[in-house]
Amino acid sequence: MNLRIGIVTAPHIRWTDSTQNGIPTFVIHDVRIGIGFHWDRMQTQEFAGQLTIKDNPDGTQTAINTIDLEDYLTSVISSEMAATSPIELLKAHAIISRSWAVRAVQTRQQTTRYKNLLAATFESGGHKDYDVCADDHCQRYEGIRSIHPRAVEAVQSTANHVLTYNNEVCDTRFHKCCGGKTELFATCWEDVDIPYLQSVSCPYCQRAVERLRQSDPAIQQCLMAYDQEHNDFFNWQVTYTPDQLQQILLEKTGIDFGRIQALRPIKRGASGRIYSLEIVGEKTSRILGKELTIRRALSPTCLYSSLFDIDGLTLHGRGWGHGVGLCQLGAAEMALEGFDATYILNYYYPNTQIRDLSEITR
Ligand SMILES: [Zn+2]
Ligand SMILES: [Zn+2]
């Protein structure tokens, strides 16, 4: 299966032909990555496969790389995961990333993964000229220069394997740290029940965080450097003054609540994440939801999660991300404790099967 990846859009794409171990490649200069995030920067990247330069109506150009799905995945796993992770964690992630990419192609649906330091979540918004983009919006794809042999091993040993339910490729959502229990799809997105995205208890991420606090190298080796800047996401706390919160809410929602008097959770999901929250102000009161809307409204950036207890204007929180599907930190701990990729995937996506893509191609 071939995948079309939009690498970069620029006023003018600068690229040159090259070779790597006798294989023709191309080098694109000035690739912008981490768009909108604090690691936003330009890089020179090298790619295998085919390059198409598309001229856009607004005068810009887009570089589109067409490449085999498995080759794409070796780059993605090298870019998204620390290569020093246990191999069973890398294999589990390879199956998730493959399933996600296959769904993007198969259904042409607008499932895109939007991830930043504070929010590991999905948002709607697809691509017109290609299947997936190369940035954090979809899955990070940085070409062939950063490919790690262990990522190749993880992809090859799970070749063509996807996670399925009822003969369909699964919507393999994942997040950084569930905080003790995973969440239901409907708490975060549309009101539908997805049979394999159920709430499961997860004692593993807490054990992983305990390792992090003790600077255990086993868990440190599972995390990218930027993720190690935070070890407070299993338990976190935010305190506002009424003035501060009024100002943040005005900036983020456009609503002047007046002096904030209370925050009242109306509805909580299976993990305890709030998806309906009443904000009571002197001038007006409103109910906000769902999960991501609440996280954005109550922070100058975005709260780690909507799993928090309220004590006055202090939020006592747990977890990082929407909590749906696989808990990355929990999965890392499971791999360290000796569970294999199949067990890990069945734990977080119950009633699913790992199958070969050729068996289910429609
Ligand atoms: Zn994208
Ligand atoms: Zn967890």
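**A friendly tour of a predicted fold**

The protein's secondary structure comes to eleven helices and 20 strands, where helices (H or I, at least four residues) and strands (E, at least two) are DSSP runs numbered from the N terminus. This is a predicted model, in which local features need pLDDT of at least 70, side-chain atom pairs count only at pLDDT 80 or more, and totals for chains, interfaces and linings use all residues. Residues are numbered from 1 along each chain as its sequence is written, with chains lettered from A and ligands numbered from 1 in the order in which they are written.

Q: What radius of gyration does the protein have, against that of a compact globule?
A: The globule rule is 2.2 Å times the number of residues to the power 0.38, and the radius is taken over C-alpha atoms. With 362 residues, a compact globule would come out near 21 Å, and the protein agrees, at 21 Å.

Q: Which residues of helix α5 are buried?
A: Buried means that 20 or more other C-beta atoms, placed from the backbone, lie within 10 Å of the residue's own. In α5, residues 204-213, that picks out Y204, C205, A208, V209, R211 and L212.

Q: Which residue in β6 stands opposite D55?
A: Strands pair if DSSP finds at least two bridges between them. β5 (residues 50-55) and β6 (residues 61-68) pair in the antiparallel sense over six bridges. Opposite D55 stands Q61.

How values were computed. Buried ≥ 20, exposed ≤ 12 C-beta atoms within 10 Å, placed from the backbone.
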